[in-house]
Amino acid sequence: MDKIICLGKNYADHAAEMKEKAPEKPVLFLKPQSSFIEIKDNANIALPWDRGTIHHECEVVFKLYKKNIIGIGLGLDLTLRDVQKKLKENGHPWEISKVFKNSAIVTPIRGTRDFDNWQETEFTLKVNGEIRQQSSLSKAIMKADEIIHHANEYFPICDGDLIFTGTPAGVGPLKPNDVIELSFGPIHNTFRVI
Ligand code: ZN
């Protein structure tokens with residue numbers, strides 16, 4: 001992996017909850033490899049609670065090889081929402097709200113053949129047993145091939161790179177000791193943020 005490419009505002013319902021218009025094409029930004037952590041079941045994942053609100057964004061994740069999808073996972077794109085809001089208000093880049101250690105949490109990657117139809121399959125984020133986010137990539141503005149084409153226009157895509165494909169509505173704050181469950185077809189992982 002060289003990097004994690006992320007789409008912003010790829011679901012109209014999330015853009016609406018942020019009181020923003022969905023752009024003509026989704027926003028692109030990067031997370032470095034150092035922000036990545038693969039979930040081990042029942043792991044405790046440490047987050048920087050002293051920097052304001054941390055929001056979860058649950059997203060389908062692609063793993064790429066030669067610009068093709070070779071695997072699918074479910075991820076959390078974690079965001080320092082207060083930090084991001086202030087930077088946006090001042091018209092500054094908001095990269096630093098997205099790149100902290102463990103801000104790119106991803107389930108173990110599964111093959112596309114492990115799903116019946118991964119683009120239609122619902123993914124779910126539960127926090128302490130309560131559903132916070134539920135959608136499928138079929139509801140996104142930009143879908144699989146278009147997403148790769150869009151990213152490839154701006155970034156050299158390297159083998160092993162990941163793409164976070166954007167979050168649907170339902171983003172919200174996490175707090176220490178929350179138990180997180182990520183489910184997507186054959187994927188079911190549980191962990192705790194501390
Ligand atoms: Zn996101």
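User: Which residue stands opposite Ser183 in β15?

Analyst: One point first: this is a predicted model. Strands of a sheet pair through backbone hydrogen bonds, either parallel or antiparallel. Here, the residue opposite Ser183 is His188 in β15. The two strands concerned, β14 (residues 179-184) and β15 (residues 187-193), run antiparallel and are joined by six bridges.

User: In what order do the five strands of the open sheet lie?

Analyst: The order is β4-β15-β14-β10-β11, with mixed pairing. Strands β4 (44-45) and β11 stand at the edges and have a single partner strand each, so one side of each lacks a neighbour in the sheet.

User: Are Glu59 and Asp77 buried or exposed?

Analyst: Both Glu59 and Asp77 are buried. Asp77 also belongs to a network of salt bridges, in which it is linked with Lys31, Glu57, Arg81 and Lys98.

User: How many salt bridges does the structure hold?

Analyst: A salt bridge is read from the distance between a side-chain nitrogen of Lys or Arg and a carboxyl oxygen of Asp or Glu, with a cut-off of 4 Å. The structure holds 15 of them. One of these joins Asp50 to Arg51, with the closest N and O atoms 3.8 Å apart. Asp50 is exposed, at a relative accessible area of 67%, and Arg51 is partly exposed at 44%.

User: Which parts of the chain does the salt bridge between Lys139 and Glu122 tie together?

Analyst: The closest N and O atoms of Lys139 and Glu122 are 3.7 Å apart. Lys139 lies in the loop between β11 (130-135) and α3 (144-152), and Glu122 in the loop between β9 (104-106) and β10 (123-127), so the pair ties together parts 17 residues apart in sequence. Glu122 is partly exposed, at 40% relative accessibility.

User: What is the accessibility of Asp178?

Analyst: Asp178 is buried, at 2% relative accessibility. Asp178 forms a salt bridge with Lys175, the closest N and O atoms being 2.9 Å apart. Lys175 is partly exposed, with a relative accessible area of 47%.

Notes: Residues numbered from 1 in each chain as written. Predicted model: local features only at pLDDT ≥ 70, side-chain atom pairs only at ≥ 80, totals over all residues. Heavy atoms only, no water. Buried < 20%, exposed > 50% of the residue type's maximum accessible area, 1.4 Å probe, protein only. Helix = DSSP H or I, 4+ residues; strand = E, 2+ residues; numbered from the N terminus. Pairing = 2+ DSSP bridges.
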